[in-house]
Amino acid sequence: MSVIRSFKASDMFKFNNVNLDVWTETYNIGFYLHYLSRWPDLCCVQEAPSGRMMGYVIGKAEGQGSEWHGHVTAITVAPEYRRLSLARKMMSLLELVSDETYRGFFVDLYVRCNNLVAIDMYEGMGYSVYRRVREYYGNLGVGKGGRDEEDAFDMRKPLSRDSARRSVRSNGRDIVVSAHDVS
Amino acid sequence: MSVALDRQIRPIYDALDTGSHKSAITECNKVLKKHPKNALVKALKALALVRYQKVEEALVLCDEVLESKPTDDSTLNAMMHVLRGLGRHKDMITMYDAAYKKQPTNEELGAQTFFANVRASNWKSAQQVASKMYKQFQEDRYLYWNAMSNVLQANDHNTPVEMRTLLYKLALRLITSAPTPSSVHSDRFHLHLTILRELSEYDEAMTLLETPAGRNICETNLACNEIRRNLMRSRGALEDEGKRAEQRILEKGDRNWLEFLSVIDGTFASLPESKGGAHAGPSEDAKEQFSSKISNTLSLFTNISVQDGRKDRSGLLGLLELEHRARRHGVSTDSVRLLHLMKQYFEIFGDKACCFEDLKPYLNLEGNDLAAWTEVLQACPSSLSTVEAVQRTINSHKLSRYNLSAPELTVDAEISRAALYISQYLEGLPLGRDLPTTELQYVDDLAILAGSVFVNLWKMGGDIKYLYKAVVLLEFALSKSEQAFQIRLMLIRIYRLLGAPSVALEHYRLLRIKQVQNDTLSHFILSRCSTFSLAASGDLTLTSECLESSQIYVSNSQETNDYVIRAFSAEKYSQIPQFILFEDWLENSLQRDITKLEYLRMRITHEAISSDIIDLELIELKFVFDRLHHDNRDFEILPNYQPKNVEDFNTQTLLFGKSEGHGWVWSFLKSYIKVFSQASDLSDVVEEKLLVGDRPQISPKLGSLKERLARREKEEMAELTPDELSLISYTDALTEWLEPFHDHVRPPASVVLADVAKNTELKTGLPLRGVDITPSLNGHVKKEEETPPITDAPEDLIKFFENMKTRFEAAKNAGHLNEALHIATIVQEAFLLFVTETIRFKPASVVKIHKLGNLVAKFKPIRALGIAVLKEMTIALESMSTQEGTSERRREFVDACGFESSEIDHDSIMNIIKRVSDSRKKVEEGMAKGLSRICTTYEQ
């Protein structure tokens with residue numbers, strides 16, 4: 001339960017309670033403005049009834065031909081609002097817009113291979129591992145996750161336009177590519 | 001361009017791209033030897049010069065290229081960067097205008113001309129360019145550019161109100177004349193709806209919204225749906241909107257809280273709000289009618305809450321909001337329902353972190369309700385065996401604390417509360433034993449609660465030992481939960497209160513504040529930071545912190561504008577007003593200029609006060625003075641669990657109990673502009689001639705600069721501490737006294753300009769643009785008028801120093817370090833402003849020519865007193881610092897803290913106390929050193 005609304009440039013003044021969390025990066029202003037000037041409908045905010053920001057998602061549409069898809073660039077929820085299924089709601093909105101507005105074939109996202117909680121959650125939403133990307137993330141300097149911490153799973157979920165489910169595969173975890181092979 | 005030339009130009013671009021400005025200049029010079037007239041190379045050299053900070057030389061080249069009226073892409077592009085770097089947006093427009101006129105079929109040039117106008121917020125011309133482009137190229141987008149420009153002009157605060165409707169009507173006419181409907185494109189549709197809303201053309205908007213395309217857009221586009229919602233509200237169709245929302249909730253499983261609010265708004269749509277009193281209540285008939293509506297909504301939300309259970313809070317929270325509104329309207333039928341719902345909510349969602357925040361709007365209970373509610377909370381078992389139980393206990397504490405009444409807030413009661421929170425904190429801590437270091441501990445909020453109680457205890461009796469207790473506990477909690485930024489923020493505030501700025505700064509740096517956060521969060525460390533500045537002693541930590549945090553404003557002015565243009569290119573009209581707003585809020589940020597002033601106040605303590613500093617700062621301050629500030633500071637980020645009848649944590653922990661707002665900024669700006677403009681030779685005439693770039697527009701209603709400087713408003717002064725207030729009166733007295741003498745001695749504009757021209761020519765080898773004055777006289781000019789009669793120094797000046805001396809003694813004796821530092825820095829500032837005001841009268845020749853001997857004699861006793869007071873404070877601070885670090889003092893504090901728990905060991909307490917006392921010692925020593933340096937520098 002929360003207010004879902006579009007992300008506005010001035011939300012950058014309000015997102016501290018979300019961004020001071022260690023897992024959330026604060027990018028330069030150009031990053032947010034770039035997304036908003038291209039895909040404003042793929043960027044949304046969840047807000048508590050009090051007006052406090054709870055989390056947000058920033059996405060884009062990209063790819064050529066049958067690779068045309070919606071991509072989740074950043075999704076985050078402030079610590080005090082976790083375990084309220086907020087991420088799930090933001091994801092379904094992004095899927096809806098990727099499907100109906102952009103007519104993409106699938107939605108994809110990257111997640112650290114050691115982030116089991118998140119992987120479980122995405123699998124629960126219908127995402128599956130498409131490939132493993134070597135050394136996609138820099139080391140955070142926290143914990144000793146080894147390879148699983150630096151590698152990412154590229155997870156995908158087909159949309160209605162991909163009725164033949166060509167954008168997913170069952171052996172994705174075994175397909176390894178290096179970071180410069182992906183955009 | 002020939003291939004050979006092209007090959008020669010490549011390295012220039014490479015050098016520019018890699019930031020090697022100097023080698024770019026060398027490369028340009030090489031090519032210019034062979035092709036002295038090449039406009040592109042000239043433009044590139046100008047660009048390199050701008051980036052290399054050689055503005056005067058760049059200006060010359062820049063003007064040459066502009067005169068040649070270039071039309072090729074590369075030259076225009078290079079010039080665009082040059083002109084942006086120089087802030088000459090108007091020249092950019094002229095340049096593109098000329099080029100586009102020469103090649104009216106060049107679409108790219110048209111677009112660039114449009115963008116140049118957008119950069120300068122020149123909406124009227126932008127609109128004309130777009131209109132011309134539409135005629136020429138017949139692209140729908142240009143029609144929309146035109147419409148958008150009209151809307152932006154209407155929104156511009158310089159546009160007269162009566163023009164607004166006309167502009168909106170114009171924009172509407174453009175959109176309706178387009179060959180394709182706006183609904184082919186969600187952002188065009190958004191713009192169309194915005195215009196209709198502004199014109200209150202609700203019926204037309206509804207027609208659009210009800211087309212299949214319109215419905216579709218609102219289904220997937222949140223921004224359009226928001227406008228749709230607004231439109232429904234504005235036209236008073238709350239009931240319809242409520243029905244629609246109900247449908248969405250039921251059929252689509254939508255749990256957007258906005259839909260629930262729409263249902264509730266719809267329920268109460270035709271009921272006027274009860275304002276209390278005998279006649280205000282609704283009639284019995286109306287009540288009946290509403291009770292059926294309410295019971296419909298009631299059963300809708302009840303079903304949802306049963307169906308969703310613990311999965312979603314909307315249903316139950318909707319019921320709470322519904323009852324809350326029913327009570328406010330005086331149509332509630334069940335006196336215990338609210339309480340019952342709150343209880344239910346606490347039972348079901350009491351183990352969620354957001355429970356307190358969710359219930360907060362409904363907590364203002366009284367009498368029996370409050371008693372019953374308190375009972376519910378007290379009945380909550382304070383178990384700490386599971387994560388859920390801990391969260392529930394935390395929520396019950398937060399909820400009860402909110403409603404504590406004055407009799408319940410005695411020192412003893414607060415002490416026992418803190419003890420309870422701490423013991424529960426320690427008891428629950430092992431639950432999170434295995435959490436990775438990146439996770440927050442489950443019990444963090446218990447430590448935050450205890451810390452808040454300690455701060456409240458300090459506030460109640462002024463006993464500083466409670467601040468030490470808070471620090472020890474919060475540091476312990478932070479060592480167990482390294483990422484708990486809320487705890488860190490609380491610590492920053494408390495360390496500053498304790499006079500330990502360097503420890504506060506260490507914590508601040510660990511927050512890794514970046515980018516735009518520098519605007520919203522730097523107040524934690526920069527608010528009144530000159531109080532702790534050791535710049536006079538050569539320690540530039542805080543001044544560089546000011547500079548670093550101000551970088552974001554440079555990025556904003558360089559980058560944000562680009563995205564407005566990108567949004568035009570990508571036709572994302574919904575974003576354009578937002579981007580402009582964002583840029584404006586950041587450009588005119590209140591914190592930006594608070595930082596600027598703090599920086600200046602510190603700068604004059606460590607740099608020699610010279611005409612260079614005075615002139616440059618004066619120009620900048622005058623710019624700042626014309627800004628309409630926006631406050632972006634984030635205070636909400638601090639947790640607040642203080643009772644509702646008590647000041648919130650933010651207010652409690654503000655340095656000197658005062659937050660700087662617009663009034664503070666204006667008060668200091670006025671003082672500094674007065675002093676600096678008297679001390680400077682820059683008159684308006686000189687400034688006009690010499691300034692590069694466009695000036696901000698000022699409404700003539702505000703009056704002349706002089707009138708605005710003279711005005712001191714009560715509300716402005718209310719934001720100042722008593723000592724800052726004394727400083728302001730002191731500067732007013734000082735400037736009033738010396739103004740006539742400054743005006744008499746200041747050289748006329750012609751002499752100043754001639755001087756500048758001479759220097760520029762020496763530096764660049766070229767004459768100064770736009771200044772053609774031959775110096776008629778060398779050096780000082782004797783004026784025709786007589787020297788104004790010499791007047792006595794106002795008593796206020798001497799009184800200020802005497803009064804501050806007494807106040808300093810008192811603060812020192814009371815052991816109030818921060819206050820002592822505050823007074824010392826204010827006296828130092830007053831003294832330096834006196835130095836600034838009297839520099840002009842320093843040279844013996846000036847005194848002689850203008851017969852100012854008697855005036856200068858009057859400076860002496862003031863200066864001597866200033867020095868004497870500064871010296872006394874130096875000695876006092878030195879002696880304070882020797883007492884600071886002694887082991888007895890530390891032991892006293894450790895004992896006062898009285899933590900006997902085995903969990904928080906003696907060594908770490910000792911460590912924390914040592915850090916605080918080291919930091920206090922450092923600031924005392926450093927301040928003493930700085931003051932004594934200033935005395936030495938300015939004693940003679």
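**Exercise 1: two domains**

In chain A, the centres of domain 1 and domain 2, taken over C-alpha atoms, are 19 Å apart. This is a predicted model, where local features need pLDDT of at least 70, side-chain atom pairs count only at pLDDT 80 or more, and totals for chains, interfaces and linings use all residues. Residues are numbered from 1 along each chain as its sequence is written, chains are lettered from A in the order in which they are written, and side-chain values use heavy atoms, leaving out hydrogens and water.

Task: find how many residues each domain of chain A puts into the contact.

Solution. Start with the bounds, which come from an automatic or database domain assignment: 1-104 for domain 1 and 109-183 for domain 2. Next, count contacts (heavy atoms within 4.5 Å): domain 1 of chain A gives 15 residues and domain 2 of chain A gives 16 residues.

**Exercise 2: a helix pair**

Task: work out how H39(B) and H41(B) are oriented to each other.

Solution. First, locate the helices (DSSP runs of H or I, at least four residues, numbered from the N terminus): H39 spans residues 722-745 of chain B and H41 residues 795-813 of chain B. Then take the axes, lines fitted to C-alpha atoms over the stretch in contact, with angles from 0 to 180 degrees between N-to-C directions. They come within 9 Å and cross at roughly 160°. H39(B) and H41(B) are therefore roughly antiparallel (over 145 degrees). Finally, look at the residues: Tyr730(B) and Trp737(B) are among those of H39(B) that meet H41(B) residues including Phe800(B) and Met804(B).

Terms used:
Helix = DSSP H or I, 4+ residues; strand = E, 2+ residues; numbered from the N terminus. Parallel < 35°, antiparallel > 145°, perpendicular 65-115°, else oblique.
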